[in-house]
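Hello,

Here is the structure I said I would pass on. My notes follow below it.

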Amino acid sequence: MSGFWDACLGGLREKLPPKRFAVWISQLYVDGENTPDEGLCLVAPSNFICNWVRQHYLEFIQDFAADFYGRPIAVRLEIRQPDKEKAGQAEKPGKQEKTAPPKPPAREQDEQKAFYERTRLNQNQFFENLVIGKANNLAYAAAENVAEKPGGSLYNPLFIYGGPGLGKTHLLHAVGNRIIQQFSDKVVRYVHAEDYCNDVMRAYRQGAFVDMKNYYRSLDVLLLDDVQFFGVGDKSRTKEEFFFVFNALVEAGKQIVITCDTYPKDINGLDGRLVSRFDWGLTVQIEPPETEMRVAILQKKAEAEGFALSNDVSFFIARSLRANVRELEGALKKVIAYANFRNSPITLELAREALKELINSTRNISIEEIQKTVAGYYKIKLADLLSRKRSRSIARPRQVAMWLCKEVTSCSYPMIGEAFGGRDHTTVIHAFRTIEEIKAQDNTLNHDLHVLTQCFKG
């Protein structure tokens, strides 16, 4: 069996560009327990890789097997995740069984490692394993469009902004991974803004500035993470160099995708000429996930860890922790660790016990605190915010305050209405729906909501 697979790997290595071979084929293994009469079983480490190989390379492998054995051979694909438990150890309660595939050959491991070191892409972050909801669907659609037509869409640059832990970096890696899947000749590079700054400083110190400049200008796709870092401290040299790199790439039809924690015009310390260029393409926001999306994220993360998370546990965690995806993941890991330690299935009672300190430490936001914060932010009197005045300068901040009360507290619509001068609950519902409808088209309002939300959730 190993003789066939060695020969097949040789054929695939000749057929495919090195990047595609490293990404897709080097991760496949033959199940040595099968014989040709039983058919060949190829093992893939994930559903995504399994589907891709089935669609693009299975026919070649079947034809190669038929030539190798002199008769048609059935070839099937299976998915097996590495087993993190020691051999022979009892299975943890609630955990699904996993079977460890054999280790890949050292040469293929080295090729794959070298490839991802060059691109700096995370090989586990794809569009397919990102949960989509109202909070990120526009950013997802724009990123997928860019990945399908790098440099050829109207979204250049694509600028994605939002608070920490909301999935901006995941989207960057998803764009890069999709591009190298579809366009093996594209040179892709993910870089954090701090690392880019370090590259510039290192090049100046070592007298290698021309080489560094030529390298970045030779890229087909530049994925720059956390560009707000450029505004911290004295980075005039970095900003000047990036200005010229940006112009060179866009003029050459190369693709740029940038992430930031705030709207471009609100980045402190950033040159106006850079800000204006960030507005050349499309700017989209990722917002904190709504409850249903948080539930979906938790269940998908739990499934990836080999656990089935019930709806009641998922909703409990999702409603208790609202800030961002990173916080949800941390809570889930704590619950799983607690279940393993207790040798117990994950129940609602266990989740409450595991997260009691985390939930109790979360600041209890009051309606009064939100009202004072919103009044101060919009520079209006608190009495006016609670009054019956309907001028736009007061009515819109009042709607924002009601929206925030529903978003960051557990208060009901009637409770919120009562706190705003004894208003009916239908008024609060109308305010919440109004803000939900217009924030997608109003960048200024989007920014206000982001800043105010972070005051309470961040």
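With which side chain does the side chain of Gln285 make a polar contact? The partner is Asn446, at 3.2 Å; a polar contact is a pair of N or O atoms within 3.5 Å, and within protein one must be able to donate a hydrogen and the other to accept it, with residues adjacent in sequence counting only if both atoms are side-chain atoms.

The model is predicted, so local features need pLDDT of at least 70 and side-chain atom pairs pLDDT 80 or more, while totals for chains, interfaces and linings use all residues. Numbering runs from 1 along each chain as its sequence is written, and side-chain values use heavy atoms, without hydrogens and water.

Gln285 lies in strand S8 (residues 282-285); strands (E, at least two residues) and helices (H or I, at least four) are DSSP runs numbered from the N terminus. Gln285 counts as buried because its relative accessibility is 12% (buried is under 20%, with a 1.4 Å probe and protein chains only). Leaving out residues up to four places away in sequence, Gln285 touches Ala135, Ala139, Tyr161, Asn446 and His450 (contact is heavy atoms within 4.5 Å).

There is also a helix pair to look at. H18 (residues 392-408) packs against H20 (residues 425-438) at about 95 degrees, the axes being 8 Å apart (axes are lines fitted to C-alpha atoms over the stretch in contact; angles run from 0 to 180 degrees between N-to-C directions). H18 is therefore roughly perpendicular to H20 (65 to 115 degrees). Among the residues that meet are Trp403 of H18 and Phe432 of H20.

Regards

Definitions and conventions:
Buried < 20%, exposed > 50% of the residue type's maximum accessible area, 1.4 Å probe, protein only. Parallel < 35°, antiparallel > 145°, perpendicular 65-115°, else oblique.
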